[in-house]
Amino acid sequence: MRVEAKVMFQPVNEKSANVYEKVIAELKKGIMHGELRPGDKLPSERELAGMLGVSRTSLREALRLLEVSGVVTIKHGQGVFIANNDPDEYMKKFISHIFVDEKKIEELFQIRKLIETEAAVWACQNGTDEQLKKIYNLVQETIYILDNSSKGDFLAVLAKQDGKFHHLLAEAANNSVLGNIMDNLLDLLADSRARAASVKGRPQKSLQEHMKIAEALLERDGEKARRAMLDHLDAVEKDVILGQKR
């Protein structure tokens, strides 16, 4: 049995939205960031309620619903555990809870195109050789993992590696404000990124597009990197909206 997971959950506003949706959002973030894995034990009910800023009664209700959904397993006298499911199953369960309308998706991608295309240019200008090589190596590593993985964790692996890619790109831009914005933006975009990963063929396309960006970064060709990033975001947005309509 695994030890208790060391995850810092963010407080939720019990009055502003369904507590269940807020709790599942926090768990989803932990799983997508690789902080929570199948079999991990969640903090005690009292600790978890304190971290999330909700009553223990509301938390119990949320956990019961999560258990019915197959996300967690409640073992009386032992605690609450992340269910031992195939990691891809978590992604599918979370995607089923995503209700983002097309307008919101378009607005999110407008922000991404504004910020991440410039981040690619800044990375070419300000990134160290080591930082840019690290991004390239990450893409190669992701391709290798997904080509050789014998586990059914395709979507979970891709989500985690995709987050790393965009985070490393922001770091290479060497702009501390951008880094903070991207950290928050990636959390906000977790739903659309998860939905994109579920679109047939999109994971492979994303890796090819990431490679074009990484190669442009190594060449320190700012305009090429900008165009590659814009092409990537345009393609992802199109697939996400198409998947939304199916």
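Residues are numbered from 1 along each chain as its sequence is written, and side-chain values use heavy atoms, with hydrogens and water left out. Because the model is predicted, local features need pLDDT of at least 70 and side-chain atom pairs count only at pLDDT 80 or more, while totals for chains, interfaces and linings use all residues.

Reader: Which residues touch the most other members of the largest nonpolar core?
Author: A nonpolar core is a set of buried Ala, Val, Leu, Ile, Met, Phe, Trp, Tyr and Cys residues joined through side-chain atoms within 4.5 Å, where buried means under 20% relative accessible area, exposed over 50% and partly exposed in between, with a 1.4 Å probe and protein chains only. In soluble globular proteins, nonpolar side chains tend to be buried together. Of the 26 residues in the largest such core, the two that touch the most other members are I135 and L217.

Reader: Which element gives the most residues to this core?
Author: Helices (H or I, at least four residues) and strands (E, at least two) are DSSP runs, numbered from the N terminus. The elements that give two or more residues to the core are α5 (102–126), α6 (129–148), α7 (154–172), α10 (202–218) and α11 (222–245). With seven residues, the element that gives the most is α11.

Reader: Which residues does I135 touch, not counting residues up to four places away in sequence?
Author: Contact means heavy atoms within 4.5 Å. With residues up to four places away in sequence left out, the partners of I135 are F165, L168, L169, A172, A214 and L217.

Reader: How far apart are the end C-alpha atoms of α5?
Author: The expected span of a helix is 1.5 Å times one less than its number of residues. The 25 residues of α5 should therefore span 36 Å, and the distance in the model agrees with this, at 35 Å.

Reader: Where does N174 lie, and is it buried or partly exposed?
Author: Most residues other than glycine have a negative phi, and most peptide bonds are trans. N174, although it is not a glycine, has a positive phi of about 55°. N174 lies in the loop between α7 and α8 (176–188), and because its relative accessibility is 45%, N174 counts as partly exposed.

Reader: In which loop is R220 found?
Author: R220 is a residue other than glycine with a positive phi, near 55°, and its relative accessible area of 34% makes it partly exposed. The loop in which R220 is found is the one between α10 and α11.

Reader: What is the N to O distance in the salt bridge of E116 and R112?
Author: A salt bridge is a side-chain nitrogen of Lys or Arg within 4 Å of a carboxyl oxygen of Asp or Glu, and a search of the whole structure finds 13 of them. E116 and R112 both lie in helix α5, four residues apart, about one turn of the helix, and both are buried. Their side chains meet in a salt bridge with an N to O distance of 2.6 Å.
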